[in-house]
Structure formats: C-alpha cells, structure tokens
Amino acid sequence: MWRTPVECLTITDVRYLERHKGEVNCCAFSPDCHILLTCSDDSRLHLWSAQSGQLLAKAKGHTGPVKCCTFSPDCALFASASHDRSVRLWSSATMRCLRVLSGHRRCVETVRFSPDGMWLVSGGWDKQAILWDVQSGEIVKVFSGHKGAIQCSAFSLDSQFVATGSWDFTVKVWALQRVEEQERTLQGHRGNVSCVCYSGSDMLVSGSWDKTVRVWLPWARTLLFILEGHHGWVRCLTFSRDGTVLATMAEGDVIRMWDMSSGECTKCLKGHRDSVFGCTFTPSGALLAAGSAGSMQKAKDGQQEEEAQKAHGY
C-alpha cells in the first residue's frame, strides 16, 4: 500500500557532525544530495560528505557570525550572509570567495538563490531586502517597507516572487516583474517572523516567535492553516520536495512533521541534545538534516580535519 512520506520518515541513524566552534545557524544540501553545507557563529562555513559525514573543506573569510547559507540550483556556487554586513558568493569546486556583495548597512540575516539561478536575495537589520544579479554581483532592486529587521526570505518556485519575514510581525511578498502591484503584506502573527518557505504548489508558510506556523496562499492573502503545538518560538521550517510534508522546529522543542493536506501534526522526531537552529530536506525528500548548538568535536578528530584541510589547500 502506498504511504505518504511523512508516514515513512523516522530516525534510523543519527550522525553528529561536530566541527564548528559555535552555534550552527543554517544547513543546506546540494541539489545532488552529495554535499551538506553548514554555517555557524564561528564565522565559518563547512562542507560535509552527506554519505559519510566527513568534513571535506572549510570556507573562511567572514569576520562575524554567519547566519545563513544556500547552494545555487546548479551547485556551482554557494552564498552566505553574515553579521559583518556582507553577502559572499563562493565557488563550490575551489571554495574560493568569488564576490563580496556590499550594500547592507547592518547585519545580514538571510540569503537565498532564485530557482532559476539568476537572482540572489538578502535581508537584514537595515529593514531592506536587496535583489542581486548573480552573474554581475550588481544590485537589481532594493525592497523597502518593513518596519523591523528582516530575518528570513524565500523565492517562489517560478522565481517571480520573493517573500520576506520581519520583526514587524509581517510577511511581505514582492513581485519581481509586475508593474501594477509589486508588494502584498500578510498579517496575523503576534511575534517576530523568523522563517518562511514556499512549497512546490505555491503555498507559503511562515514561522514566528508567537510559537505558530501559518500556511498561506500568498498573493490571494488567504490563510489556510494555523499550525500550533510548539512550546518555543519557531526557528526553522522546510518542505519536502513534493510539498506534502512540512518539517518545523522550535526553540527547546522536538522536530514536528505536518501533513499539508490536513494541517495535522503526524510525527515528532527527537535526537538533538540542544535546540535546533536549522533544518533541510534532501531534494529527494528521503533525508532530513538538522543543526543545533551541540557539543564541540574533540582533539581525537584533529588528524582527519588536518588531512581534509590539506586536501583543499587550507
């Protein structure tokens, strides 16, 4: 009998990837599922083998905590956003920083590639979202209107819309091509909006410090579900590839799995020893990775780390 992915998902093998020296703020799988990218308050990004859990390389250059990281759709690039007020573009093959994108006046909290690979959006404490041209590194548009810091962002799958979540308790949806109406505001949260994510069917979900997740049809301003049950503020959420399953995680709480056809919580996953800061599904939806504060790796792994660094020229 066919079963939905949420019914099949279970914890079978928990691996702790512990090389960062600070809280892990974000993690992202490469489109081919071979590489896991993580970023941390230690100002570094790490590349891991998703199969073995081995540390492959480190990216250094930021001078402040790195809050967000993401791969380009073709996996040739990855991007990072930092409290040093910069966004950086990196080569996945060489780990070299290709561009430093400067435009924000304060800390940058979020960065995302568009699904077509043409654009990059970033947002932060200056209350603005900046749309960048990936090839040239030039600013294309600056979106202004939030009254609080922008903590999160997401592109629609057709690359025509950008959603931003803010500490002003709202989600704004920005149209990249439309002339007549370029922005819509989604209201209802009673706390800072900490994460947003689009599904394959153009649903938009937003998580908040008010401990709820809201599910929207964004351009119609229609609220479909309010997902409740978390005991802390919602830090991260991610859709499975087919959009049928939503994973959410909150401060000091378990990972919750939701069926998007009913809005019901169908499973709670436990395994982390500390609060979870970031999560992502593999593109296939078969695996879910989550990063937390965790404990630090000890000296016994120093030799393996040194070998990985030498192999990549560090």
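Asp41 is partly exposed, because its relative accessibility is 29% and the buried class ends at under 20%. This is a predicted model. In it, Asp41 makes a salt bridge with Lys67, and the closest N and O atoms sit 3.7 Å apart. Asp41 belongs to the loop between strand S2 (35–40) and strand S3 (45–49), while Lys67 belongs to strand S5, so the pair ties together parts that are 26 residues apart in sequence. Lys67 is also partly exposed, at 21% relative accessibility.

S5 covers residues 66–71 and runs antiparallel to S6, with five bridges joining the two.

Strand S6 itself spans residues 77–82. How many of its six residues are buried? Six of the six are, so S6 counts as mostly covered. Its side chains split into two sets. Leu77, Ala79 and Ala81 point one way, and Phe78, Ser80 and Ser82 point the other way. Both sets are buried.

S6 and S7 form a hairpin with three residues between them. In that turn, Arg85 has a positive phi of about 80°.

In soluble globular proteins, nonpolar side chains tend to be buried together. The largest nonpolar core in this model holds 29 residues. Phe78 is among the residues with the most contacts inside that core, along with Leu37, Leu45, Phe71, Val111, Phe113 and Leu120. Beyond its neighbours within four places in sequence, Leu37 is in contact with residues including Leu45, Phe71 and Phe78. Its contacts also include Cys26, Cys27, Ala28 and Cys69. Apart from this core lies another, of 14 residues, with Cys152, Val173, Val196 and Leu204 among them.

Now return to charge. Side chains of opposite charge can pair when their charged atoms come close. The model has three salt bridges in total. Besides Lys67 with Asp41, there is Lys172 with Glu183, at 3.2 Å between the closest N and O atoms. Lys172 lies in strand S15 (residues 171–175) and Glu183 in strand S16 (residues 183–186), so this pair ties together parts that are 11 residues apart in sequence. Glu183 is partly exposed, at 28%.

Arg235 and Glu251 meet in a salt bridge at 2.6 Å, N to O. This pair links distant parts of the chain, 16 residues apart. Arg235 is in strand S21 (residues 234–239), and Glu251 is in the loop between strand S22 (245–250) and strand S23 (255–259). Arg235 counts as buried because its relative accessibility is 19% and the limit is under 20%. Glu251 is partly exposed, at 29%.

Glu138 is in the loop between strand S11 (128–133) and strand S12 (139–144). Leaving aside neighbours within four places in sequence, Glu138 is in contact with Leu131, Trp132 and Asp133. Ser102 is 36 residues from Glu138 in sequence, yet their C-alpha atoms are 9.5 Å apart in space.

How values were computed. Residues are numbered from 1 along each chain as its sequence is written. This is a predicted model: local features need pLDDT of at least 70, side-chain atom pairs count only at pLDDT 80 or more; totals for chains, interfaces and linings use all residues. Side-chain values use heavy atoms; hydrogens and water are left out. Helices (H or I, at least four residues) and strands (E, at least two) are DSSP runs, numbered from the N terminus. Contact means heavy atoms within 4.5 Å. A nonpolar core is a set of buried Ala, Val, Leu, Ile, Met, Phe, Trp, Tyr and Cys residues joined through side-chain atoms within 4.5 Å. Buried means under 20% relative accessible area, exposed over 50%, partly exposed in between (1.4 Å probe, protein chains only). Two strands pair if DSSP finds at least two bridges between them. A salt bridge is a side-chain nitrogen of Lys or Arg within 4 Å of a carboxyl oxygen of Asp or Glu.
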